[in-house]
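Me: Hi! Could you walk me through this structure before I set anything up?

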Amino acid sequence: MKKKLLIFLFGIFSMVTAFAQQTIIKGSVKDAVTFEPLPDVTITIEETNQSTQTTPKGEFLFSSNVPLGEQVLKVSKLGYATKRYPIVVNSLQTVNITDMTLEFDASSSQDLFTITLSDDELNDDTSGSDNISGLLSSSLDVFQRTAAFEFSSSFFRVRGLDSENGSVLINGIEMNKIYDGRPQWSNWGGLNDMARNQELTTGLTPSAYNFGGVLGTTNINTRASNYRKGGQITYSSSDRSYTNRTMVSYATGLMKDGWSMAFMLGRRWGNEGYQDATFYDANSFFASIEKKINDKHSINFTSIYAPNRRGKSSPNTQEVYDLKGVKYNEYWGFQDGEKRNSRVKEVEEPILMLNHYWDISKKTSLNTNVGYQFGKIGNSRLEYAGGANPSPAYYQKLPSYFLFDNDLAGAYEAEQEFLNNGQIDWDRIYDANLTNNTMGTNAAYVLYEDRTDDKQLILNTILNSQINQNIIVNASVNYKQLKSENFAEINDLLGSTTGVLNVDSFSQKPFDVNNPNQVAFQGDRFKYNYNLFANELSGYAQAQFKYNKIDFYVSSSLTKTDYQREGLYKNGNQITIENGIEKDNSYGKGDKIEFTGIGAKAGFTYKITGKHLLDVNAGYITQAPSIRNTYTNSRESHDYIGVINGVKNPNINITEEKITSFDASYIFRSPIVKARLTGFYTKIEDANEIAFFFVQGSSATGFIQEVLTGAEKRHIGGEFGIEAQVTPTIKLKGAASVGDYTYNNNPTFYSTSTSEDFIDVQDGGNIINTSGKTGVSYLKNYKVAGGPQTAYSIGFEYRDPDYWWFGATANFFGNTYVDVSPKTRSDFFYKDYDGLPFNDYDEDIARELLKQEKFDDYMIINLVGGKSWKIGDKYVGFFASVGNLLDKEHKTGGYEQARFSDYRALRDDVNSPIRRFGSKYWYGRGANYFVNFYLRF
């Protein structure tokens, strides 16, 4: 027995001795005011670029490959001022730096830009506004922060890619929508204080939570114990999207009984943003409660509820902007002396999640999560089945319509009417309905809402394990289940008492044959009514290897996805008779569409020295197309890519989208200068695009769906970012992105129609239906639209020791292109009804007609500054920014109208004095401001 005890004691002594013979750097970090431990602080040894993060107790440790001699520890955390501590490391000794402190960075601009992005640009649903700025706002990389803060107002897309190529997670649960792959930022809008704790991986670099996309992963951590004890009260004013904002937040920190709690309330409102009649009305509620059961187990519950409503603004033709200015919005009109917007977006989708954290050992953890999201997204609009188009900018009400026929008097009258009125006439709409009431006919106008009511369940478990000092393993299994109810619902009968007949005004067929004479009233569903079901099961595994001179990783993923549509209406447009037998393509459940996606990526970072690094990443991903780019007209039929009017086309197969991506970077880091130069290449294959248009030309008239399938896109370019701390108070910074984003093939194109109005009408009365005919869209070498493909920024920051600060940037944008119409560049463009080219077709004229419009280059200057005061253990301060100081008028995006889609119609339109169906554009804001006041305690 004594012998065993001696052996045991000797073993313990040996381990202690061995540990004592290691070279170690350890310590802890605390808040400078509360002296509470700070978790998730990044500690970096600048010479070797080794880094680690503090534990929930604020502690950190370096015990392997520790460099000797004079070293510098960089201590950084989002929202705090970064500090650098010089130390001396001797062989086989321990450097113990306890209770290092970080001070709240009152001059941090993080709050300003996160507010602006999530509430405005990122919250919009126009094709010209999708960008990934929200994915980058927490990055410490100068290029990524510039892209998020300076380039975002011009709808710049990093590497020309949409936000669906990046993952956004909350507590490890992915929040990207299955419908379009994009995060719905407004689901947590206005909760800036609670969304600060973010972990970001960019590009293909490895994430501890999921495989990610080619634009990386952002995980928002809302674990209650991670919030600093204390609170903040904020008031803001702006003329961008809302005019007023208030926020109150408080966190208890980890209490002695193991509980921790964090809460936040917020409100944002305004009668009008930068564009006319774009009201804003949003509330935000957040609660996170955590119980630390013991040293190994914790359970956290988070609830987020951020309902919001806002008035939308219209894209317009240049003719309209020239007459009414860049703030003009066609969607509103005065009613009883108040501005009423007919296009309102309402989002109300609460999020509930339960997270279990299990520290299996000091080096292995398992995080298991359950998330549930439900609610609605609604977009309202006017229906005018029994009346004239109420849009004040309808083409028949503009001068160009009359000038085409050389009617100068009519053009002048239209111009004056548009200048003097030019808004929706609500009184006339009500009068029309009241007249119909007396005649016993159905409503001429109603206001309805396109609704999507989702119920989504998410389950996942995430494993992280440090195998040894050099190897880390990550893995996860994820399951998503979606039921999406989609329908149109009447919001307001606009004075009608007779309701609206549920019939297609073009084909005069009932939207639901099972109830052919339905008259819909307020609160009733009409037009379309269907469910979408989706299931996604995925898993990934990853290994990271870290050594003195090189770090590298390998990662792989597998995803199974299926979609299915269930029609609740038997649509009259989708019924055909074959051999005396009725065939329906809308009611009941359609085909189950299944996809299998795989992912593989690898990369390395080679440390030439502690200052010079090379970083290389490569990946190949196949993924299911989004629901939006799968079903060609889900409102009325079961059709999807390759299935036209219920019949499978043997020449078109729906398949997984394929992405190949590569990037290589040179990174320089020193105490004064930090820089990164990156070259990138991404190829996207078998992509689908679906758009909806009303077409009017010599070859087709009617509502159609434009389907582009098998598209290939190439994104190639370079990024550069640099910042230099030239003095203790002055920092210079610059960034540049130069890209070339083009279509790389001529994809298959076809169009379908929901009504029999989609016909050719030619001289001599010849009629032919072209719906469903396939062809080729000659898009190769056309630019992929989506913000500027070239962007530069140069600026400076001054931070005074007396807690005031100021910064300015000049930003240059170029190579922004209009989104071209695939139909206009298809075979149908030059062919007459008989399938032969137009007899007056001129190739030189056609080449000019099909040339892609490039917008003018422009420069935007932004200013930002602020001041804070420390009063006891509290901070009081403000900051303000001015965007587009010189009030530069500039286009940020736009798209061609496909209404005139053949050679003759487009030629005649372009040659008219003013185009009737020119491209529609979005303009950026002129000079604008944002002011923020806060009390932190």
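This is a predicted model: local features need pLDDT of at least 70, side-chain atom pairs count only at pLDDT 80 or more; totals for chains, interfaces and linings use all residues.

Me: Thanks! How many helices and strands does the protein chain have?

Reply: The protein chain has ten helices and 51 strands, taken as DSSP runs numbered from the N terminus (helices H or I, at least four residues; strands E, at least two). Its radius of gyration is 30 Å, close to the 30 Å that the globule rule gives for 937 residues, so the protein chain is as compact as a globular protein of that length. That radius is taken over C-alpha atoms, and the rule is 2.2 Å times the number of residues to the power 0.38.

Me: And what share of the residues is buried?

Reply: Buried residues make up 57% of the 937. Buried means under 20% relative accessible area, exposed over 50%, and partly exposed in between (1.4 Å probe, protein chains only).

Me: Switching to charges: how many salt bridges are there?

Reply: The structure holds 49, each a side-chain nitrogen of Lys or Arg within 4 Å of a carboxyl oxygen of Asp or Glu. One of them joins D686 and K658, with the closest N and O atoms 2.8 Å apart. That pair links distant parts of the chain, 28 residues apart: D686 is in strand β38 and K658 in strand β37.

Me: Which residues form a network of salt bridges?

Reply: D141, R159, D663, R676 and E719 are linked that way.

Me: What about K891, buried or exposed?

Reply: K891 is buried, because its relative accessible area is 17%. K891 forms a salt bridge with E853, at 3.7 Å between the closest N and O atoms. E853 counts as partly exposed, at 26%.

Me: Last topic, the surface. Which residues make the nonpolar patch?

Reply: Y547, F552, F604, Y606, I608, L614, Y666, L677, F720 and I722 make a patch of about 800 Å². Patch residues have over 30% relative accessible area and no salt bridge; like charges are joined within 9 Å, and nonpolar side chains (Val, Leu, Ile, Met, Phe, Trp, Tyr) within 5 Å. Strands β33 and β39 each supply at least two residues of the nonpolar patch. I722 is found in β39 and is partly exposed, at 31% relative accessibility.

Methods
Residues are numbered from 1 along each chain as its sequence is written. Side-chain values use heavy atoms; hydrogens and water are left out. Accessible areas come from the Shrake-Rupley method with a 1.4 Å probe; for residues, only the protein chains shown count as cover.
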